[in-house]
Amino acid sequence: IIPIYSLENPDATKAAEDLLNFFETMENLSPESIIFKPANSSNEANSINALIHNLFKIDKSNTHITDDTVNLIAGPGRYIEIEAVGREIRRLLKDGVNLSDIGVIFRDIAIYEEIVEDVFKRFNIPLYFRRGRNLLALPVVKNILSIYDIIESNFERERVLKLLNSSYVELSKITGGNDIEFKEIERIVSEVKVVDEDTERWDKAFERYLKSAGIKDKLDRARVDIETLHTAKNLILNFIAILKDVDKRQPFIGHRDNLYATIERLGIKKRCSLQQGTEDTLSLEILMDTILEIEKTLLITGKDKSLLSTGEFSSLVTEALSEKYLPAYKNKGGIKALSILDARGLRFKYLFVCGLNDGEFPASETPHPFIRDADKKILNNAVGRRIFLTNRAEWWKEPLLFILALSMAEKKV
């Protein structure tokens, strides 16, 4: 089977995509059955073409990379990786390469957006997010979803403090009107020496600390502000109680109501409502619309009454938000930073493929948190199109996306 298509023609790409989607439904078809041959691609014996033609072959060596058309960059972290990309782009621009000839693509751009924006700003590189910013990379959405990270970590100190220090959380709303500066909260929590609730419950840790503070005040006559200690204690314990109200197995609609109530109780909704028409307001609206879409889908499948953990609810929302974007807002003449799928139909003389880490690209194979493969097939057949991918089809996406990425490069990867 040899699907031949042109990546410069979106319609042809779509046709090939539909064909490959059909192939994925064939249970006995394996990746080794497919030979990928992008139309009009050069047969030149360079490293890019060697990688494309040998992708599914078992070969632990790097013998395919024989020239400078492919350059491998390893970094200990995402920031270091993107800084290396930034330095190379600055060199290309200095050599007279046009902005339109350079592309930076990702398997999942959401986890890189803030880093790319910060690094490119520091390197004075014009930037353009073609489809806009992914919802998962936007501050208000990240702060809201961090609620579930805190619960999952069993109220780890650093995660708790990070959300409390967010500009989206109204501390006085949690304390009942008592004002306290975050630096005081941070200092007291550090002295309380709580790590997480696996080690010691927050209420027990504060109780222990308050007793020792009282003894210190009497014996050493040290100036201990008991009132501030109690304010910090009440804030932390009220905050944790709010989040614990979320942590229960319940139907999707119950999680939805608890999330909306938590957004209200933490003051996040109020903060966004004061800035009508801003990025935060639009992000919150899209988040709520997305949750409604999931709710309707579960209703269609008859899964709306099934009990979900907070982790399963969070996974459903996160997966849906990965395809949601705010409109592009950067200079369209800048260097394009986009996901591989969003880059379909584009060609770049110099292409940077970022995030090649196990578990990221290729993505780890994780079953859907709620809907089984059998249910996905029933739902897809009922609506006449593929709303959900089976685990097998999800695995297929990784080598296909990698080939798609390599095929966009004209001169160097």
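## Basis of the description

The model is predicted, with local features requiring pLDDT of at least 70 and side-chain atom pairs counting only at pLDDT 80 or more, whereas totals for chains, interfaces and linings use all residues. Residues are numbered from 1 along each chain as its sequence is written, and side-chain values rest on heavy atoms, with hydrogens and water left out.

Helices (DSSP runs of H or I, at least four residues) and strands (DSSP runs of E, at least two) are numbered from the N terminus. The axes of helix H11 (residues 252-265) and helix H13 (residues 279-301) come within 10 Å and cross at roughly 165 degrees, axes being lines fitted to C-alpha atoms, for helices over the stretch in contact, with angles from 0 to 180 degrees between N-to-C directions. H11 and H13 are therefore roughly antiparallel to each other, a label for angles over 145 degrees, while 65 to 115 counts as roughly perpendicular, under 35 as roughly parallel and the rest as oblique. In contact (heavy atoms within 4.5 Å), Phe252, Ile253, Arg256, Leu259, Tyr260 and Ile263 of H11 meet Leu284, Met288, Ile291, Ile294, Glu295 and Leu298 of H13. By class, this contact of H11 with H13 has ten nonpolar, no polar and two charged residues, where Ala, Val, Leu, Ile, Met, Phe, Trp, Tyr, Cys and Pro count as nonpolar, Asp, Glu, Lys and Arg as charged, and the others, Gly among them, as polar.

Helix H5 (residues 139-152) packs with H11 at an angle of about 115 degrees, their axes lying 11 Å apart, and H5 and H11 are therefore roughly perpendicular to each other. Here Ile144, Ile147 and Tyr148 of H5 meet Leu259, Thr262 and Ile263 of H11, a contact with five nonpolar, one polar and no charged residues.

## Ile82 in helix H3

Ile82 lies in helix H3 (residues 78-94) and is buried, with a relative accessible area of 0%; buried means under 20%, exposed over 50% and partly exposed in between, for a 1.4 Å probe and protein chains only. Leaving aside residues up to four places away in sequence, Ile82 touches Phe106, Tyr112, Ile115, Val116, Val119, Phe120 and Cys354. Phe120 is 38 residues from Ile82 along the chain, with their C-alpha atoms separated by 8.6 Å.

## Asp342 in a loop

Asp342, in the loop between strand E3 (335-339) and strand E4 (348-354), is buried at a relative accessible area of 10%. Its side chain makes polar contacts with the side chains of Ser339, at 3.0 Å, and Tyr325, at 3.4 Å. A polar contact is a pair of N or O atoms within 3.5 Å; within protein, one must be able to donate a hydrogen and the other to accept it, and residues adjacent in sequence count only if both atoms are side-chain atoms.
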